[in-house]
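Keep the sequence and the 3D view open while reading.

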Amino acid sequence: MDWCKKESSNYIFHYQKGSLAEKHIDKIIELQEICNKFISNSLKVKMKEKIKYYLCSTPEEVGEVYGDNEPCNGFNDGLDKIYAVYNKEVKCVGFHEDAHIISYNTISRPKQAFLREGLAMFYDKVWWGIPNYAWAKYFLSNGIYLHIKELLVNDNFYKHNDVITYPVAGAFVEYLILSFGIESFKTFYSSVGEDFDSAFKTVFDYSIKHIEDKFIRYIDAIGIDEAIYDLIKVKLREKHFSYE
Ligand SMILES: [Zn+2]
């Protein structure tokens, strides 16, 4: 595929001639540089290489360009490349994939998808425009919250609906970072192996069960307007998510 290229401080963007991405490239660069600097500053890290972005028009094109022919809106190769759909309906840009790539290159890539997606969702802050903690409180109040012990097993994490797994992971990672500080979180993120519990106890001094109980009480203490819950219900209906 023949790509047009544009470089900025932290990126090399690739896009097709005549695409919407070409039209918006300066705005996209500005957005990603803001995301990149925020992530790097708050994690206190700096990537050596520039991130290579491939802005595609369709999910099918993402699969084709990456080479696995799996249609997908946004995807990173775990190294330094991000493949993202950018068209009228879907603009897969922002914090998420960049948080993955920056953390993998400068800290680590833990085995648990719950932690990896939790960190990316911590930077996204929202799922469908609604804060992670609002989703977490809604799931808790409606008895559909999933416990962290369950979500730590990758097969379970991927088996459950991502509207539950992703915001809960993001809210929990935020709780860890705000409670213990970014340095402790980074130590944990880079030292956790198969045995999640022992790494957790070593770094944070408490069991995951103890900290999750505190996390639940913290989430419960946040005041959320009924209008936000109404919006959550609308979004869940739109996406045909049911739990009754
Ligand atoms: Zn992700």
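## Two domains

The model is predicted. Its domain assignment gives domain 1, residues 4–106, and domain 2, residues 113–238. The C-alpha centres of domain 1 and domain 2 are 25 Å apart.

Ten residues of domain 1 and six residues of domain 2 form the contact. On the domain 1 side, α1 (20–43) and α3 (96–106) each supply at least two residues. Helix α3 gives the most to this side, with four residues. By type, the domain 1 side divides into four nonpolar, five polar and one charged.

Helix α5 covers residues 132–141, and eight of its ten residues are buried. The buried ones are N132, Y133, A134, W135, A136, K137, Y138 and F139.

These buried residues pack against the helices α4 (113–124), α8 (162–180), α11 (208–221) and α12 (226–238), and also against the strands β6 (126–127) and β7 (130–131). Just after α5, G143 has a positive phi of about 70°.

## How α5 meets α11

The axes of α5 and α11 come within 9 Å and cross at roughly 105°. Angles of 65 to 115 degrees count as roughly perpendicular, so α5 and α11 are roughly perpendicular to each other.

On α5, the contact is made by Y133, A136, K137 and L140; on α11, by I216, I219 and D220. These residues divide into five nonpolar, no polar and two charged. An α-helix has 3.6 residues a turn, so residues three or four places apart point the same way.

Technical notes
Residues are numbered from 1 along each chain as its sequence is written. This is a predicted model: local features need pLDDT of at least 70, side-chain atom pairs count only at pLDDT 80 or more; totals for chains, interfaces and linings use all residues. A residue is buried if 20 or more other C-beta atoms lie within 10 Å of its own, exposed if 12 or fewer, and partly exposed in between; C-beta atoms are placed from the backbone. Two residues are in contact if their C-beta atoms, placed from the backbone, lie within 7 Å. Axes are lines fitted to C-alpha atoms, for helices over the stretch in contact, and angles run from 0 to 180 degrees between N-to-C directions. Angles under 35 degrees count as roughly parallel, over 145 as roughly antiparallel, 65 to 115 as roughly perpendicular and the rest as oblique. Ala, Val, Leu, Ile, Met, Phe, Trp, Tyr, Cys and Pro count as nonpolar, Asp, Glu, Lys and Arg as charged, and the others, Gly among them, as polar. Domain bounds come from an automatic or database domain assignment.
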